[in-house]
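Reader: I'd like to go through this one with you, starting with its overall dimensions. Can you show me the sequence and the structure?

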Amino acid sequence: MGIDIKRQYIINDGRTIGVVLDIETFERIEELLEGYRLARYMEETEEEESLSLNEARQR
């Protein structure tokens with residue numbers, strides 16, 4: 001799974017100090033990171049005890 005990252009570098013005194021991404025690429029990266037974080041959270045909570053609605057309300 002690859003992503004074509006279109007980027008432009010910001011250079012100051014011969015040093016690369018930043019990068020500019022087009023908005024579509026930035027939004028795609030955001031989506032990928034959010035999906036990754038969600039998957040990690042789901043893995044971490046997989047072993048936790050499930051509660052019924054009434055149990056959750058009581059807690």
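Reader: What radius of gyration does the protein have, against a compact globule of 59 residues?

Author: This is a predicted model, where local features need pLDDT of at least 70, side-chain atom pairs count only at pLDDT 80 or more, and totals for chains, interfaces and linings use all residues. Residues are numbered from 1 along each chain as its sequence is written, and side-chain values use heavy atoms, with hydrogens and water left out. The radius is taken over C-alpha atoms, and the globule rule is 2.2 Å times the number of residues to the power 0.38. That rule gives a value near 10 Å for a compact globule of 59 residues, but the protein has 20 Å.

Reader: Which pattern does the protein follow along the sequence?

Author: Helices (H or I, at least four residues) and strands (E, at least two) are DSSP runs, numbered from the N terminus. There are 2 helices and 2 strands. Read along the sequence, they go β-β-α-α.

Reader: Is I11 buried or exposed?

Author: I11 belongs to strand β1, residues 7-12. Buried means under 20% relative accessible area, exposed over 50%, and partly exposed in between (1.4 Å probe, protein chains only). With a relative accessible area of 56%, I11 is exposed.

Reader: What share of the 59 residues counts as buried?

Author: Using that under 20% cut-off, the share of the protein's 59 residues that counts as buried is 2%.
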